[in-house]
Amino acid sequence: MLMKPEQEKQIRQTVADPKIQLALYSATARLKEKREEVVAPEALPEYQELRTQANRIKKHTLENLDVYLEEFEANVEAHGGKVVYARNGQEVTDFILGLARERGVKMLVKSKSMTTEEIHLNERLEHHHLEAVETDLGEYIIQLAHDRPYHIVAPAVHMTRQDVADVFEKNLTDPRTEEPGKQAMIARRNLREKFLEAGIGISGANFLVADSGAVCIVENEGNARLTTTAPPIHIAVAGIEKMIPRARDLAVFLKLLARSGTGQLLTVYTSFLSGPRRGGEADGPAEFYVVLMDNGRTRLLADAEKRQSLYCIRCGACLNACPVYRKIGGHNYPGAYSGPIGAIITPQYQGIAKDPWLPFASSLCGACAEVCPVKIDIPKILLDLRKEVMEDRAARGDGFLERKAFQMYGWLTRRPKLYALAGRIGARMARAPGAASMGPAAKWASVREVPLPARKSFRDQWREREKSK
Amino acid sequence: MPARVSIFVTCVVDQLFPRVGMAMAEVLERAGYEVEFREDQTCCGQPAFNTGYREDARKAAGHFIRVFRDAEFIVVPSGSCASMVSHHFLDLFPKDSSHYEEAEYLAPRVIEFSRFLTDVAKVEDVGARFEGIVTYHDSCHALRELRIKEGPRRLLRKVRGLELREMSAAEECCGFGGTFSVKFPEVSGAMARTKLESILATGASTVVSIDSSCLMQLQGVFTRAGAPLKTMHLAEVLASR
Ligand code: SF4
């Protein structure tokens, strides 16, 4: 068993829920179509060339990450900021808590960040009575609903406007409305106070730019801009893999990110943040920190093949393209990352033994790799992880029957006469009444009709044909 | 003396759809080729490879190489199995091994059936006749690993009596995915039903593909849903007259 029964049950429920299926399929279809329009050869002739460049830049950066980390740190400090290294979520939390305590901060605001979702930062801070308020509309809704993000770029994609109205009604004092525009206004009004009160603003980073010591953030709502400039302290929390060497590399990545993610040519806001407010400047935080988090990433760096998983720029295109994500949705994936990228990085971050089914939750159709702007060969990594899972299970003595069946298969493939005989016997058994109620055939038959083997295999028919010539 | 081609008949075709193999041989012969079937052939190893059992896949691959090493062309009625040999055999053996070299030598000669017709034999009209409205399903490995998209459609357009209609979800996966279909049956079935909706919207009565395993999946779901649709391998359509 790769999957726990409750996980299986949850997936079954999602697939059988017409409301969620409709929302999921249409939302991903919209994003998918918008992306296709803006990367079409007529719209962006250099698209494939950009992908190749992006892939090369990421490959180069990760192969020389030590150098770029040092360069980045030196440049951040030259601008009066500070770089903090954190091995895991605990160390990120400890740093933030320590600073908040020193500065007497009781509340902080956050802009959208998958990295902080990965380490459950909000829960960790709340545990220590430090309130963290999400300011991205989707994340705000999710936070009020005590839910988790459903999609890397569209966290509340599974909620209808009625759902949002319910959540607001329950948590806020404003009159109920089901109009998305009005809902956004409600959120904005409630959040505005928070921005003014907050002692710290926490953001993620889309890119860390080594030659400028800058953090680049893209967004559509302007909340990240406020988060990083209104409070007196700005802390950017980023995985070390977010590094790119030069500011001009952004020309490649920004073009790809917005197009792949939301089908926009560019996001509404692109912020380039390098250090605290300097003498004579009217705004910006007084203190600027970049927390560079490892949390399993250096382990991936060590593997020349699977290292490419770290090229990801979190555009979400692979989710929208993935026929499995489009059926099972975001919440059936453990961890913060869902869809194809989640299926390859979650097992690598947490170890393959924890959710061994993840790399198997794919038909290997390759739609993800086709749309990935940095050309991560996701199916290849899934296959490599499957191999690791099976080796791990063999070492533990799990999955005995399936392993034996494949060993038998491998043995037979080198013995053509026996292979043909086994085929003949298998076909006869499969034609017998009741065969469809056993083993894998029963799983097959649970959703579709079982095909009957032919009375005479191709081999046998061919032999007869040759004889009668 | 016509050129000689060897055919690799996939496990699914051998056991479940032998008529597809026979039809392929017939079309190749009509195109002027002498067809040989090497009886020692077994499997390409894909089931084991895709499920994570590399060692067992290596055995099948090694045997495949031994059987076909001196064949000039090996024509395969499946994009998926053809791609297993031409792409993934290289993932199975270490770069400096003799098997790797042999796999590299074999790769360009293992050719999916429709591509063999359009690119090697250079025929598009094989003299077929088939009355009906047909829609074509792009199988994933043919489309994304072998880049086969237009060839099968060109062949279909030349069939007398046949009307080809595109479905909106032509490139979406049918949900088969080998052992995926039994490890995640609900998801697999739901994927096929999405495909079904898109097919029904075209008004076609027959779905054609170059991979029998996709068709097995789709046919199973059509029958379960009571949808009046038929599935046919491209070779069967091209062999009709
Ligand atoms: S893996 Fe590629 S497509 Fe998926 S989110 Fe990352 S960059 Fe985007």
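1. B:Glu39 forms a salt bridge with A:Arg463, and the closest N and O atoms of the pair are 2.7 Å apart; a salt bridge here is a side-chain nitrogen of Lys or Arg within 4 Å of a carboxyl oxygen of Asp or Glu. By this rule, 9 salt bridges are found across the interface of chain A and chain B.

2. This is a predicted model, in which local features need pLDDT of at least 70 and side-chain atom pairs count only at pLDDT 80 or more, while totals for chains, interfaces and linings use all residues. Residues are numbered from 1 along each chain as its sequence is written, chains are lettered from A in the order in which they are written, and side-chain values use heavy atoms, with hydrogens and water left out.

3. The contact (heavy atoms within 4.5 Å) takes 64 residues from chain A and 63 residues from chain B. About 5700 Å² is buried between the two chains, with carbon and sulfur atoms giving 61% of that area; buried area is the accessible area (1.4 Å probe) that two parts lose on being put together, summed over both.

4. On the surface, A:Met408, A:Trp411, A:Leu418, A:Leu421, A:Ile425 and A:Met429 form a nonpolar patch, with about 580 Å² of accessible area together. Such a patch joins nonpolar side chains within 5 Å, from residues with over 30% relative accessible area and no salt bridge.

5. A:Ile425 lies in helix α20 of chain A, and this residue counts as partly exposed because its relative accessibility is 45%, between the limits of under 20% for buried and over 50% for exposed (1.4 Å probe, protein chains only).

Methods
Patches are made of residues with over 30% relative accessible area and no salt bridge: like charges are joined within 9 Å, nonpolar side chains (Val, Leu, Ile, Met, Phe, Trp, Tyr) within 5 Å. Accessible areas come from the Shrake-Rupley method with a 1.4 Å probe; for residues, only the protein chains shown count as cover. Helices (H or I, at least four residues) and strands (E, at least two) are DSSP runs, numbered from the N terminus.
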